[in-house]
Amino acid sequence: STVANLKQLIEDKTHIKLNEQKILYKGKPLSQQNKTLLEYKLEENCKIIVCQKTVDQISEINSTQGHKSMEQLERILSKYYKLSDVIKILRELTSLLDVCVSKMSWDDIERMVSLET
């Protein structure tokens, strides 16, 4: 099986388009489409990281799932603060979150994922 085959499988399962995928194994990109998974030394049941190259779908996810979290947080904060302060708090939290996420390595992300399982 080739990287191209793997990308097609990922697209079928996740709906992430082929040209938007970046696949990492042990921190290294699987960039050569015609190279076999054996040539990259992928083992059965190994972990890979699939990244999406576009920002559009990330924004879409944030606007659905992230939006719900922000709404919940807004409701809680509204009990204790006036609306103008709630807006300031949410902006600051969003800014801090953006800074934290931008500083994360792939290892950090993988550790977060392993905490959930």
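This briefing covers the confidence, the sheet and the nonpolar core of the structure above. The model is predicted, and the protein averages a pLDDT of 81, with 85% of the residues scoring at least 70. Three strands form an open antiparallel sheet, helix H1 lies across S1 and S3, and the largest nonpolar core is made up of nine residues.

**Confidence**
- Across the protein, confidence is highest in H1, at a mean of 92, and lowest in helix H2 (residues 56–78), where the mean is 69.
- Where pLDDT is low, the predicted coordinates should not be read in detail.

**Sheet and helix packing**
- The strands of the open sheet follow the order S2-S1-S3, and their pairing is antiparallel.
- Strand S2 (28–29) and strand S3 (49–52) stand at the edges with a single partner strand each, so one side of each has no neighbour in the sheet.
- S1 and S2 run antiparallel and are joined by two bridges; Leu24 has Pro29, in S2, as its bridge partner.
- H1, which lies across S1 and S3, runs at about 115 degrees to S1.

**Nonpolar core**
- The largest nonpolar core consists of Val3, Leu6, Ile10, Ile23, Tyr25, Leu30, Leu37, Tyr40 and Leu42.
- Two or more residues of this core come from each of helix H1 (3–14) and strand S1 (21–25), and the largest share, three residues, is given by H1.
- Leu37, one of the core residues, is in contact with Ser1, Thr2, Val3, Leu6 and Leu42 when its neighbours within four places in sequence are left aside.

Technical notes: Residues numbered from 1 in each chain as written. Predicted model: local features only at pLDDT ≥ 70, side-chain atom pairs only at ≥ 80, totals over all residues. Heavy atoms only, no water. Core = buried A, V, L, I, M, F, W, Y, C linked by side-chain atoms within 4.5 Å. Buried < 20%, exposed > 50% of the residue type's maximum accessible area, 1.4 Å probe, protein only. Helix = DSSP H or I, 4+ residues; strand = E, 2+ residues; numbered from the N terminus. Contact = heavy atoms within 4.5 Å. pLDDT = per-residue confidence, 0-100. Pairing = 2+ DSSP bridges. Axes fitted to C-alpha atoms, helices over the stretch in contact; angles between N-to-C directions.
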